[in-house]
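User: Please take a close look at one part of this model, the pairing of its strands together with the aromatic rings, and explain the terms as you go.

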Amino acid sequence: MIVVDDDPVDVRFVLRAFSDAGSTLDITHVSDAKAASDRLDAEVFDYILLDINMPGTSGVDLLKRLRSQPRTAVTPVIMLSSSSSMTDINRAYENGANAYAVKPSTLRGYREFAEGFTRFWVDVAVSP
């Protein structure tokens, strides 16, 4: 999985939560859309965890690019954002997000996210 997020605190919470949840996912972190594009052009990831609000290219703009590329057109993209705005949520889904979650405010919330993510995306969902 690749995590695209510019906030180092949120990234630490994500990494710790997946570790605490016993996840066996290999997780790569990049802090902006350019770095994400470079990695996604060179490597295949099973899942993309994507923030919306980043400096430079936004997560939604990166999502549009990902959906236009054959290599990432159907890769599950889960938006993880601090925004609970219906405008942001709708834009994410309209541009091809598979899921949208608001960033938790506690480590416990991040653990619950990681456990739910793993139960659904890793244990249940069938990927293309």
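Analyst: Two strands pair if DSSP finds at least two bridges between them. Helices (H or I, at least four residues) and strands (E, at least two) are DSSP runs, numbered from the N terminus. The model is predicted: local features need pLDDT of at least 70, side-chain atom pairs count only at pLDDT 80 or more, and totals for chains, interfaces and linings use all residues. Residues are numbered from 1 along each chain as its sequence is written, and side-chain values use heavy atoms, with hydrogens and water left out.

Strand 4 (residues 77-81) pairs with strand 5 (residues 99-102) in the parallel sense, over 4 bridges. Within this pairing, Met79 has Tyr100 of strand 5 as its bridge partner.

Turning to the rings, the whole structure holds 6 aromatic pairs. Rings of Phe, Tyr and Trp (its six-membered ring) pair if their centres lie within 6.5 Å; planes under 30 degrees apart count as stacked, over 60 as edge-to-face and the rest as tilted. One of the pairs is Tyr47 with Phe117, edge-to-face at 5.4 Å centre to centre and 75° between the planes. This pair links distant parts of the chain, 70 residues apart: Tyr47 lies in the loop between helix 2 (33-42) and strand 3 (48-50), and Phe117 in helix 5 (residues 107-122). Both Tyr47 and Phe117 are buried, where buried means under 20% relative accessible area, exposed over 50% and partly exposed in between (1.4 Å probe, protein chains only). Ring pairs also join Phe18, Tyr47, Phe113 and Phe117 into a cluster.
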